[in-house]
Amino acid sequence: MELFRYKKPIPLMSKSKIFFALSLIAVLASYVLIFTKGFNYGIDFAGGTLVQVKYEGKAPIDKVREAIKSSKTFEGASVNYFGSDDEIVIKVRTSSKKLGTDIGDEARKLLEGTGKFEIRRVDMVGPKVGNELREKGIMALVLAIAGILLYVSFRFEWRFAIASVLALVHDISIAMGAIVLFNVEVNLDILAALLTILGYSLNDTIIVFDRIREGLTTVKSSKLADVIDESVTRTLSRTTLTSLTTFFVVLTLFLMGGEIIHGFSFTLLVGIIVGTYSSIFIASPLLMMMGFDVENYRKKLAEKKKREQEKAKMRAMYEQGTV
Amino acid sequence: MKLNYRVLVFIAAAIFGLALSAPSLLNLQKGPKITLGLDLQGGLHMLLGVDTDEAIESKIKSLASSVKYAAEDEDLIIDEFKVRDGKIGFELLDKDDMPKMDEILKKIEGIAVQKDGLKYTVSLTPQEIESVKKYAITQAVDTIRNRLDQFGLAEPTVAKQGEDKILVEVPGIKTPEQEQRIRELIAKAAHLQLMAIDEERAANVDRMTPAEAAQYGDVILKDAQNPNRKYLVKEIPILDGSMLTDARVAFDKNNQPVINFSLNSQGAQIFGDFTGKNVGKRLAVVLDNRVYSAPVIRERIGGGSGQISGGFSVKEAHDVAIALRSGALLAPVFMEEKRSVGPSLGADSIKASMVALITGFIAVVVFMILYYGIAGAVADVALIVNLFLILAIMALFGATLTLPGMAGIVLTVGMAVDANVIINERIRELLYEGKSVAKAIEQGYANAFSAILDANITTLIAAVVLYAYGTGPIKGFAITMSIGILASMLTAILGTHGIWQMLESKIDKNRLNRWFGIKLEGGR
């Protein structure tokens, strides 16, 4: 079976402006969303308490709301179904420092009489920890990008590094926009998902770039657009295939992994789609925009090869014992 | 068919993977097993903060007790003995006592002494404050660990985290009530003090404000059972729990639980001296700032043992005794972060992610065979071995499998076939170019290698950063992803290459559809 079969290069680069405009709109829209609506920070980052309660049978959500009304601790708490209608979560922005009796214990007492229930999860994050986690999260993103920048510069060329990082920023921005748009609660697992997208989308970009690097020496044309067109077309089948298999798997995670993993798998789904798109339509045109010069690169390669040959010659001479 | 080193390595990896993941998968008694994270097996995860200021205060108080005791021992007469704002202040009555007092103070390390005539002000040096704070945290870690160990739970983890936090993880908690009891046990300061009642002023205690009491160097403490009953006690304790050597639950003649404690030799001596000098007066047994009993001293109590009685349930007495035995918390701890997961939720999470894993896995396996034919099946074999290998390596290193970790494995399934997709695409390309099968395979692997390597290393960079900056479950995710990437390098690149080398002679160029899922045009 075959989906794509390389016959001749698809003229992608000639249409790159359209994709650029599309991406620019998507990225801008994402930032507008992020700055106007803002993230829905979950308790991991905002601090607060979450109590997950499972009832035998349908959860009496009105009774629960009524029961916690009397308590000061639960002022402004939200009560929602969680996954199915026998399970609910109570979320409140307060946290308690007390060890002896905590908000979970209080909830247990308040809910007595609302039916047969079991408290399955109590998460409490103090405000200080929430701040620290957020700082650490941003730090992790920045460091990961810096590490990638260094590695790609070292293995390819600085323009490749910048292009891949810009493509990453593009993917992460759109993924974050989707998170805001669909009101996904931002917790630690969402951060993990974003970092995974980082890894995945980069994976994709690098494989395309690797092909371009190869194309620079094998493709006859010295026009970058031709080199890119041929290389991208040649990797098209691989890119879509891998994205498809990964997409399948994450989709099953999304559909069957349970409510707890919903936000995580949703973010990944968005990331896989955007990451695949960007490695084809965004990362490579960026190379052109930064004025990557094929002739120049080939010249440098030739020089490098010459130097290496000379070195090898010298070494051979030394080894033979004559200078 | 001939064996080659690649296939041998691959077979070894498969055997290794199967053998070491079997104990975890089949739940065998023997062999290394993967630890399930608290989010999967249920349990309590807490990040505790330590209130170190409190430790400084109690350090000063115990310093005050020992200065006072030493002074009395040398028959120095001191007056206005007070602890105020982290400083000990007192006045000598006799100028001739000064050298002796200086001698006593010189022996105590980590203090700064200020003198104004006969007035002394003793405070802790900044270095000492720093070291007391540090000690308070390590001591809290030890104390909490001791308490949890004695409580008899399965493998609790207690570790210092960062500068001033303590991570406590207790797996295997069954009920919220049990969890609450554990939290209470940890929170107990278990600060035992034996204090003298200020007999001169005790009668007026109900009319006194705390500020007034402080003027006389006293504090007002409430009774443990009846909060309306108050005691006026000397602020500086005779001795505290740091001199305790043991505490056990016993029963008094009314069959009520009591706690018997014993003191070390220094404590016994101080206790003996004090009781000897104060016959007829009352002694308050204070636990966590509440008075449990205040018996009248009938005679000198030697031997260094005492009793705390009053108002305990058997469970409570048991927990108090554990807390006392494992030492007082020099500084109170408070909750910064808590996550508790019930065992049923953990089981549900495992079930849900297993279903996702198996479904996704089958989808990928079937798809690969449909798309690539035998080449797809070869990739699938590598994928299966890869999965076992991840589990085996995790078991070997005792890594923790968390819910995001499960997601990481699921994701690896999707991504692990990537290497083989790249390789197979390259092989197809070369076959279209008219290369021989053997050449297409060799060159396909060679061409694909740099792309796979670069892609995997960049993903590894992201995973390492995740590990360094993540906590708990996220770390678990980073670990499974890293192991997955490394394992896939072994199985998907080396392993499949070996299999092809072995199959090479069998490949029929006319049946490429079966082997690689393609048809060459023009019957080439």
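A salt bridge here is a side-chain nitrogen of Lys or Arg within 4 Å of a carboxyl oxygen of Asp or Glu. Keep that in mind for the first stop, and note that the model is predicted.

**Stop 1: a contact between the chains**

Select A:Arg234 and B:Glu429. These two residues form a salt bridge, and their closest N and O atoms are 3.1 Å apart. The pair crosses from one chain to the other: A:Arg234 sits in helix α8 (residues 224-256) of chain A, and B:Glu429 sits in helix α12 (residues 403-432) of chain B. Both A:Arg234 and B:Glu429 are buried. Over all chains, the count of salt bridges comes to 41.

**Stop 2: two salt bridges within chain B**

Move to B:Asp246 and B:Arg248. They form a salt bridge whose closest N and O atoms are 3.2 Å apart. B:Asp246 has a relative accessible area of 23%, so it counts as partly exposed. B:Arg248 is partly exposed as well, at 44%.

Next select B:Glu433 and B:Lys435. In this salt bridge the closest N and O atoms are 3.4 Å apart. B:Glu433 is partly exposed because its relative accessibility is 46%, and B:Lys435 is partly exposed with a relative accessible area of 24%.

Salt bridges with shared partners link A:Asp105 and A:Arg108 with B:Glu177, B:Glu179, B:Arg183 and B:Lys338.

**Stop 3: charged patches on the surface**

Where does positive charge gather on the surface of chain A? Select A:Lys304, A:Arg307, A:Lys311 and A:Arg315, which form such a patch. A:Arg315 belongs to helix α11, residues 294-320 of chain A. Its relative accessibility is 47%; therefore A:Arg315 counts as partly exposed.

For a patch of negative charge, turn to chain B and select B:Glu72, B:Asp73, B:Glu74, B:Asp75 and B:Glu103. B:Glu103 is part of helix α4, residues 98-107 of chain B. At 44% relative accessibility, B:Glu103 is partly exposed.

**Stop 4: annotated spans in chain A**

The unreviewed UniProt entry lists a "domain: Protein export membrane protein SecD/SecF C-terminal" at residues 110-291 of chain A. Select that range: the chain is 80% helix and 6% strand over it, and the end C-alpha atoms are 66 Å apart.

The unreviewed UniProt entry also gives the annotation "transmembrane region" to residues 137-154, 161-184, 190-209, 241-262 and 268-292 of chain A. Two of these can be looked at one after the other. Residues 190-209 of chain A are 100% helix and 0% strand, with end C-alpha atoms 28 Å apart. Residues 241-262 of chain A are 77% helix and 0% strand, and the end C-alpha atoms there are 24 Å apart.

**Stop 5: annotated spans in chain B**

Which residues of chain B does UniProt list as "transmembrane region"? The unreviewed entry names residues 354-374, 381-399, 405-423, 444-470 and 476-500.

Select residues 444-470 of chain B. This span is 96% helix and 0% strand, and its end C-alpha atoms lie 38 Å apart. Finish with residues 476-500 of chain B, where the span is 100% helix and 0% strand and the end C-alpha atoms are 34 Å apart.

Conventions: Residues numbered from 1 in each chain as written. Chains lettered and ligands numbered in written order. Predicted model: local features only at pLDDT ≥ 70, side-chain atom pairs only at ≥ 80, totals over all residues. Heavy atoms only, no water. Patch = residues over 30% accessible without salt bridge, like charges linked within 9 Å, V, L, I, M, F, W, Y side chains within 5 Å. Areas by Shrake-Rupley, 256 points an atom, 1.4 Å probe, with all protein chains shown as cover. Lys, Arg positive; Asp, Glu negative; His and termini not counted. Charge placed at Lys NZ, Arg CZ, Asp CG, Glu CD. Helix = DSSP H or I, 4+ residues; strand = E, 2+ residues; numbered from the N terminus. Buried < 20%, exposed > 50% of the residue type's maximum accessible area, 1.4 Å probe, protein only. UniProt positions renumbered as here; feature names shortened; annotations may be inferred.
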